[in-house]
Each structure stands twice: as structure tokens, then as C-alpha cells.
Amino acid sequence: MEAEGANEAEAASEADYWVGKVKSIRRYKVKDHDKRAPYKPLLLLWLIGRVAGGLPGRVAYREAEAELRPLLYKHPVGSSRPKVENPFVYLASDPHLWRVEDTVGDDVARMDRRKKMSPPFLRAEATGVLAPQFELAMHDPGVRSAVVNALLHMEFPETLHEEILRDANLGHVVAVEQAARDPRFRSTVLRAYEDRCSFCGYDLRLDGSPVGIEAAHVQMRTRGGPDRIENGLALCVQHHRLFDGGALGLDQDHRILVSERLNLSDHDVAARIRRLVGQRIRRPLRRYSLPAPEHIDWHSENIFKPHAR
């Protein structure tokens with residue numbers, strides 16, 4: 001029994017160690033404040049998925065580029081398309097996790113920026129390698145689960161976690177863990193909006209209880225968003241997912257924005273979404289606050305996929 005307890009403690013200690021390492025990866029900063037930076041976490045999730053699938057933690061840039069590009073494109077920040085070379089090279093600033101070397105073993109991260117960020121050079125010469133200790137740790141299911149969940153909660157809304165796991169080939173080996181939240185947040189938000197979607201008015205009930213209606217955060221909790229009504233919206237399941245995925249947003253007049261990147265080819269669904277464009281959200285009951293400007297700004301800068309229709 002003592003040996004079993006010691007093994008469990010050792011495993012927990014290793015998980016905490018690697019969770020601390022991935023949480024400390026260098027972030028992109030703008031004007032002295034953290035901006036959402038999902039690309040390094042996505043690269044790490046993809047690499048962990050490779051290892052979990054029996055592939056080595058060593059991968060040529062030309063191979064990674066083809067597989068990573070669609071994953072990064074699904075989760076962009078701002079209007080520009082992500083460049084695969086940025087996380088691939090810059091993650092090497094955390095050598096306890098990742099190294100990039102050329103064909104003779106030289107450290108690419110230490111090279112001149114013009115060279116190391118050149119896609120033709122990287123395709124011809126560069127290979128990324130997971131740090132051996134980190135790769136070994138990712139074979140332990142408990143450590144892997146803790147690290148993957150830490151990466152998910154660092155940069156991604158909870159409604160997207162299952163999808164990201166599938167895209168990174170981790171859905172069959174890692175279960176999503178919900179972060180702790182103030183239990184009063186959901187009840188307060190749903191009460192404020194009278195159990196109705198603030199975008200479309202959806203209010204179905206089963207035996208008197210609302211179904212398919214959720215309390216959404218405008219600014220992610222793990223990125224500084226509080227569990228308070230001024231950071232909340234009542235949304236149906238569909239609009240919650242679209243809001244967290246950046247297809248829907250808000251302006252400072254609380255009018256609904258619809259991203260031009262959202263494909264509206266289906267006539268029935270498209271008509272319902274198009275009716276949202278420019279519409280003000282349903283106001284909460286009088287004593288409750290609408291989403292605050294600073295949280296709307298954060299969502300616009302970090303989640304919404306510009307430009308609006």
C-alpha cells in the first residue's frame with residue numbers, strides 16, 4: 001500500500017511539473033498585455049497526438065506544415081492567416097519542450113531571423129524534436145491528460161475542447177476536464193435573460209426546466225474574464241458554439257456581428273443567421289448589466305473572426 005501511494009504521488013508530481021512547463025511557454029504580448037496566443041498550444045497538442053498514436057516526437061517541417069496549417073487556420077487571432085513557421089520555430093525558445101535543428105544538427109532557433117523564418121529553408125532543412133523527457137512523459141496517460149487539459153484551458157473556450165481533441169487525434173485517449181467555476185454564474189445569467197437565448201429568443205423547456213440554453217462567457221475565464229453578469233450571455237447551444245468559435249460577436253452597441261468567414265450556403269440555417277446581422281441582443285432584466293465594453297473588446301480582438309458582414 002505504501003509503495004502504491006508513493007507511485008501515485010510521484011505520478012502527480014510529474015504531472016504538476018509538466019503542466020507548469022507548458023503553462024510557462026512564452027506568450028505573444030502586445031502593449032504590455034497578454035493577447036490570446038493559441039498557436040504554440042495547438043502545435044503541442046498536435047505533437048502529443050502524434051506520440052499518443054505511436055509516432056515519434058521528431059517531425060520534419062515539411063510534414064508538419066501540411067498537417068498543421070488547417071488546424072491553425074481554424075483558430076486564428078485577428079484577420080491575418082497564421083504562419084506555421086512561427087510556432088514551429090518559436091516554441092524552441094522553450095528547449096525543455098522542443099528543439100528545431102537543421103540537417104547537420106545546428107540549432108535553428110539561434111539562426112538569423114531571415115533564415116530561420118524562411119519556409120523554403122525550413123522545408124529543405126528543418127526538423128523539430130520533442131525534448132526526450134517530455135516525449136517520455138507523454139506516454140503516461142495521467143501526465144498526458146493533465147498536460148493536454150492545461151493546454152486546452154490556456155487558450156480555448158470550453159465549447160471547442162472536444163473538437164480540438166479530435167483534430168489533434170487525442171479524442172480517444174484524453175477526456176476533457178471542466179474547470180471549476182462559480183456555480184452562481186449560470187443561475188444568475190439564465191435568470192437575468194429569463195432562460196432565453198439573448199440572440200434568438202430560444203426558450204424550450206422540458207417538464208418546466210430550460211433545455212439547450214447555457215451561460216456563456218464573453219471573455220474567457222482563463223484569460224481574465226470574471227464569473228459575473230457583465231461578462232455573461234444566455235445563449236442556446238448553437239449560438240454559444242458559434243460565439244466561442246468566432247463566427248458571432250458583438251459591437252459596443254450590443255448588436256450581433258456575423259463573420260464573413262461563416263459559410264451560409266444552407267438556405268434554412270443561413271436565413272436564420274442572416275436575420276441576426278445588426279440585431280441588438282435581448283436585454284436582461286432591468287437590475288442586471290449588459291456585457292461590459294472591456295469584455296466585448298476582448299472577444300472582438302481574440303475570438304471573433306473578422307470581418308463582419
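**Close-up views of a predicted model**

**View 1. Arg50 in helix α2.** Arg50 is found in helix α2, residues 39–52, where helices (H or I, at least four residues) and strands (E, at least two) are DSSP runs numbered from the N terminus. The model is predicted: local features need pLDDT of at least 70, side-chain atom pairs count only at pLDDT 80 or more, and totals for chains, interfaces and linings use all residues. Residues are numbered from 1 along each chain as its sequence is written, and side-chain values use heavy atoms, with hydrogens and water left out. Arg50 has 7% relative accessibility and counts as buried (buried, under 20% relative accessible area; exposed, over 50%; partly exposed, in between; 1.4 Å probe, protein chains only). A polar atom of the Arg50 side chain lies 3.3 Å from the backbone oxygen of Pro56. Neighbours within four places in sequence aside, Arg50 is in contact (heavy atoms within 4.5 Å) with Leu55, Pro56, Arg58, Val59 and Glu63.

**View 2. Glu194 in the loop between α10 and β6.** This loop runs between α10 (183–192) and β6 (205–206). Glu194 has a positive phi, near 55°. Most residues other than glycine have a negative phi, and most peptide bonds are trans. Glu194 counts as partly exposed, because its relative accessibility is 45%.

View 3. His254 is buried, with a relative accessible area of 14%.

**View 4. The cis peptide bond between Pro306 and His307.** Omega of this bond is about 10°. His307 belongs to the segment after α13 (293–302).

Conventions: A polar contact is a pair of N or O atoms within 3.5 Å; within protein, one must be able to donate a hydrogen and the other to accept it, and residues adjacent in sequence count only if both atoms are side-chain atoms.
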